[in-house]
Amino acid sequence: HAQTQEHLLKLQSQTARKAAQKYLLEAFVQLEQSLSQLAEASRKGLAAQEPLSEPCSEVMGNGTNGSTYRGCQARTIHGNICRDWSTVVPDMTGPDNEYGLGDHAFCRNPMGEKDTIWCFTTNPADDNVTWEYCQPIEENQPSSGLSKSSCTINECKVGETTCVEMRDRFLAIYGSVTDKHDQLTEEIDTVRTNCLKSAEDINSAKSIESMKLKEAQVDLATATESGVESEQEEQQATTFDEFLKKEYAHQMKECCDNRNGYMSQLCGLKKIRAHLYEASGRTDMPADCEVSDWTDEPCSASCEGGTQKRTRAIIAPPVNGTQCPPQEMVRTCNVHRCPIDCRVGTWSEWTACSAGCGGGVRTRLRHVTVQPFFDGKPCPEESEEQQCNIQACGRDCEIGDWEEWSRCSKVCHTGHRARRAAVIVEALGQGTCPEPDAEERLGFEECNTASCMSILPSHRSFLECHSKLDLVLALDGGASVTRGGFINTLKMTMSLVANLKGGHDAMEVAILVFGGPKTETDVEECAGHFTTPPDFWTDCGMRWVTHITRNTMRAAHSLRWVRYPESPSLTSMALAEAKSELESAGRTDANSVVVVVTAGQPMFEHMTAKAAQDLKASARLIWVPIGPIDPGTDEVLKTWASKPWQDNIVKVEDVNLLPTPATVNAVLASIAQKRSESAACATSSFAGV
């Protein structure tokens with residue numbers, strides 16, 4: 001540990017250091033598990049197999065058909081465990097029989113009738129295959145039987161197998177660093193986009209405020225100019241008013257003096273006339289004409305000068321006196337200037353609200369086009385304010401009561417019932433509201449917790465699914481799965497697919513085996529950094545065993561010829577390929593399901609998370625993780641799986657449990673969840689054994 005930490009600390013990149021620590025820890029855990037499983041297998045094998053009467057000999061002998069083989073190989077080339085010969089051909093077994101058969105399960109070739117050694121298998125792929133070929137444990141090397149063995153520590157040498165493992169480890173570290181680089185690049189792009197958006201918002205706000213400032217400055221200049229003009233006009237009006245007052249006083253004084261002078265002369269003339277009449281002895285005194293005051297008719301114009309007719313009546317006609325003056329006259333009137341009313345333009349658009357919530361103000365303006373003069377109507381308001389965004393800030397939405405529980409999602413192996421709560425009052429302003437799939441609005445409870453095996457008839461082992469679904473099976477062939485684990489994955493998939501009822505109104509299935517790139521260049525290209533698109537199989541380890549087909553039996557048999565990729569797990573590309581397959585060949589009237597069987601950490605965790613999120617938008621995503629899972633990976637898988645994750649994660653603790661009916665039925669039950677009436681797994685009819 002200390003030596004490892006010393007070398008890890010020399011890595012300058014913190015991301016590379018974390019990735020190396022992670023993968024080294026995984027390698028250590030896998031090694032411990034492998035040693036534990038090996039020890040357990042050895043213990044069980046020694047307990048179950050009785051030693052031969054003579055030491056094991058792995059020499060084939062008699063050519064290559066192995067008719068004289070007396071070795072201790074007890075597994076087939078596909079990893080299946082051999083059956084005891086005494087349980088299959090008891091009449092050919094015995095302590096001293098010529099075929100080497102007895103109460104054991106070692107590979108033999110009795111009578112040399114087959115090409116090489118073989119045995120009856122305990123786990124046939126289907127009803128038609130009951131035996132498989134074997135190969136010696138170690139060619140042409142004698143064995144000392146099943147006596148107690150010791151472990152010899154090998155010298156520190158790097159062999160071909162070690163090179164492959166080291167390559168995969170370093171490629172995984174390189175892929176992790178590349179994935180982190182892409183993730184950080186995306187985060188930088190997101191921050192840059194947000195910054196640009198914020199800059200646009202700020203610039204927009206600045207433009208609005210700048211426009212308002214310019215409008216205010218124009219209004220201020222106009223008001224200042226109007227104020228100066230008004231002051232000047234006021235001064236002129238004051239001066240002219242003083243002049244008019246003085247002129248009026250002068251004219252009135254002069255008029256009054258003239259009137260008094262004329263009245264005095266008239267009074268004197270009347271007295272002289274009276275004395276002259278008395279002196280002449282006349283008694284008929286003269287009488288002057290008397291008229292009434294003037295009566296004015298309305299002026300013909302309200303301003304700018306009009307005419308007005310005036311009339312008066314004769315009160316007393318003249319008797320040898322002064323004749324009557326004119327009874328009518330016309331004079332000018334309303335000679336003052338006509339008033340000029342204020343005129344304004346149209347309203348501008350409303351400005352942006354000053355607040356997003358809690359009550360703000362928006363304004364609009366209009367400009368004066370004609371100023372008022374000569375007692376014209378004054379100008380109306382030149383600006384107007386209005387309240388806006390009066391809703392409260394930070395008011396969260398209100399959620400109603402829970403609806404009724406849905407039907408159970410699965411017939412067995414623990415399903416879930418769901419219920420939802422609807423939003424009855426939407427959030428306002430800066431208020432928040434839980435997402436539709438948040439626990440405040442979507443609840444689950446377990447149901448149908450019984451094992452699938454417990455609901456099957458005693459003579460049956462597998463469920464048969466006849467749902468109308470488009471199913472894509474993505475099988476991890478990465479190095480972390482191991483060759484034996486990959487073989488068990490294929491066996492499980494064969495049993496699973498064989499129990500899917502294919503048809504136009506039933507299942508259609510596609511099978512993808514995925515590995516990953518094996519060189520640094522391939523890692524870059526498969527991560528999307530390429531000028532020429534890479535080859536999906538040779539460069540990225542993607543191989544379609546079969547595209548979407550309704551012939552499920554043919555799909556199951558096609559798995560017999562699949563090769564083990566033995567490379568890192570490029571899970572992100574597998575998910576993208578599954579999505580593309582469903583989009584191009586899937587049925588529009590069928591639901592889509594993708595099942596990922598994996599035991600390894602994906603090369604690009606960030607890209608895998610994105611690909612899973614994209615896939616879940618159009619399909620249900622189920623994960624079948626193999627082997628023990630650390631808590632961190634377990635939590636990540638829960639976010640990658642469709643909701644509820646409890647229905648869409650089928651954990652398999654041991655790779656040897658993959659082909660078992662319990663595991664196959666658990667996956668079948670998860671695939672055909674009863675989200676609708678057409679989705680179901682049947683227990684009354686079965687295709688499997």
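## Close-up views of a predicted model

**View A. R310 in β5 is the bridge partner of D296.** The two strands joined here are β4 and β5 (residues 306-311), which run antiparallel and share two bridges. Strands are DSSP runs of E with at least two residues, helices are runs of H or I with at least four, and both are numbered from the N terminus. Two strands count as paired if DSSP finds at least two bridges between them.

Residue numbers start from 1 along each chain as its sequence is written, and side-chain values use heavy atoms, with hydrogens and water left out.

**View B. N320 has a positive phi without being a glycine.** The angle is about 55°. N320 sits in the loop between β6 (314-316) and β7 (328-333). Is N320 buried or exposed? N320 counts as exposed because its relative accessibility is 54%. The cut-offs are under 20% relative accessible area for buried and over 50% for exposed, with partly exposed in between (1.4 Å probe, protein chains only).

**View C. N448 also has a positive phi and is not a glycine.** Here phi is about 45°. The residue lies in the loop that runs between β14 (442-447) and β15 (464-465). With a relative accessible area of 36%, N448 is partly exposed.

**View D. Five strands make an open sheet with mixed pairing.** The strand order is β18-β17-β16-β19-β20. At the edges are β18 (542-549) and β20 (620-625), each pairing on one side only. Neighbouring strands of this sheet are turned by 10° against each other on average, with direction ignored. Such angles run from 0 to 180 degrees between N-to-C directions, using axes fitted to C-alpha atoms. β19 (residues 591-598) pairs with β20 in the parallel sense, over six bridges.

**View E. T571 is a buried residue in helix α8.** The helix covers residues 571-585. T571 counts as buried because its relative accessibility is 3%. Which residues does T571 touch, not counting those up to four places away in sequence? The list is F514, V596, P602, T608 and W623. Contact means heavy atoms within 4.5 Å.

**View F. S567 lies in the loop between α7 (552-557) and α8.** S567 is buried, with a relative accessible area of 1%. S567 and G478 are 89 residues apart in sequence. In space, their C-alpha atoms are 4.7 Å apart.

**View G. A search of the whole structure finds one cavity of 30 Å³ or more.** Rolling a probe the size of a water molecule over the atoms shows where empty space is left. A cavity is a set of points, on a 1 Å grid over the protein atoms alone, where a 1.4 Å probe fits but cannot get out; lining residues have an atom within 4 Å of a point. The largest cavity has a volume of about 30 Å³. Volume is the space filled by probe spheres set on the points, which are joined across faces, edges and corners. The lining consists of L473, L475, M492, T493, L496, V595, V597 and V667. Elements giving two or more residues to this lining are β16 (469-476), α5 (483-498) and β19. Which element gives the largest share? The largest share is three residues, from α5. By type, the lining of this cavity has seven nonpolar residues, one polar and no charged. Nonpolar covers Ala, Val, Leu, Ile, Met, Phe, Trp, Tyr, Cys and Pro; charged covers Asp, Glu, Lys and Arg; the others, Gly among them, are polar.

**View H. The peptide bond joining K643 and P644 is cis.** Omega is about -10°. P644 belongs to the loop between α10 (631-640) and α11 (645-648).

**View I. The whole protein sets the background for the close-ups.** Its secondary structure comes to 12 helices and 21 strands. Of its 689 residues, 33% count as buried. Among contacts between residues at least 6 apart in sequence, 71% join residues at least 24 apart.

Terms used: This is a predicted model: local features need pLDDT of at least 70, side-chain atom pairs count only at pLDDT 80 or more; totals for chains, interfaces and linings use all residues. On a 1 Å grid over the protein atoms alone, a cavity is a set of points where a 1.4 Å probe fits but cannot get out, and a pocket is an open set with protein on both sides within 12 Å along at least five of seven lines; lining residues have an atom within 4 Å of a point.
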